[in-house]
Amino acid sequence: MIQTKLSLVALLVGASLLSGCGDSTTNIVEKDPIAVDDDHDHDDDHTDISTAGRLVISAKDSNLVSVYELSNGSLLDSFAVADTPSALAASATKRYALVVQRTTDMLEFVDGGLYQEDHVDHLHDYQQAPALSSFVLSDSRPTHITANDSQMAVFFDGDAASGTPAAVAVITDADISTDSNGYPVLNYSLHMHGAAQARGEYLISTLRDADSATTLPDKVALYHGHDDHFDEELI
């Protein structure tokens, strides 16, 4: 988490993306600050965050992902991921950067090092060195990522050439930090260039007719999560 009682700017995520015409563009997304009420006395080892936030950025044709300190522009660290990123995104609480590697069917995660924990009567701030997380998502063609305040839905398009069907994984920052494998997954029976949104124990996700001549969906369905999977409830 990047926000603190100092009303710090949230984690900024920049990505060098290769467009369809071969040009390279850089997109930076800034999340609104979250006001935190922190008027309590702290008996534990409280850390005051002394930064305006951190920027995670990737470079074209490189597998290096770098983390910069926004306060002074200094480079904190660089991490070599498995392949050249196709996109970056921020996690639900803005602690992690999701490093999407679409063509090699993988997502890796960089811990920005700024976050908070709920200690019942107050929020405890943490400022640590950035790190490459051991948590990895592996499935066919990760493409669309949506997030709310607590969850992320990662849509894997699947692949027509190999006959790999689409899937959706719904994860939280806690799943990343604990290297969990207990998150729910929606498995389709065919590939699809789709998208999904998580809503608590429910998931809204696209559907495609098996006889369709296109990979684009033509319906939306509501699913209910049950432990490690989702059941369809309404089309």
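Residues are numbered from 1 along each chain as its sequence is written, and side-chain values use heavy atoms, with hydrogens and water left out. As the model is predicted, local features need pLDDT of at least 70 and side-chain atom pairs count only at pLDDT 80 or more, while totals for chains, interfaces and linings use all residues.

The chain holds one helix and 19 strands (DSSP runs numbered from the N terminus: H or I of at least four residues for helices, E of at least two for strands). Of its 235 residues, 43% are buried (under 20% relative accessible area, with a 1.4 Å probe and protein chains only). Among contacts (heavy atoms within 4.5 Å) with a separation of 6 or more, 47% come from residues 24 or more positions apart.

Strand 4 (residues 64–69) includes Ser-66, which counts as buried because its relative accessibility is 11%. Leaving aside residues up to four places away in sequence, Ser-66 touches Leu-55, Val-56, Ile-57, Leu-75, Asp-77 and Ser-78. With Ser-78, the side chain of Ser-66 makes a polar contact of 2.8 Å (a pair of N or O atoms within 3.5 Å; within protein, one must be able to donate a hydrogen and the other to accept it, and residues adjacent in sequence count only if both atoms are side-chain atoms).

Tyr-223 stands opposite Glu-232 of strand 19. Two residues lie between the strands of this hairpin, where Asp-227 adopts a positive phi near 60°.

Note on methods:
Pairing = 2+ DSSP bridges. Buried < 20%, exposed > 50% of the residue type's maximum accessible area, 1.4 Å probe, protein only.
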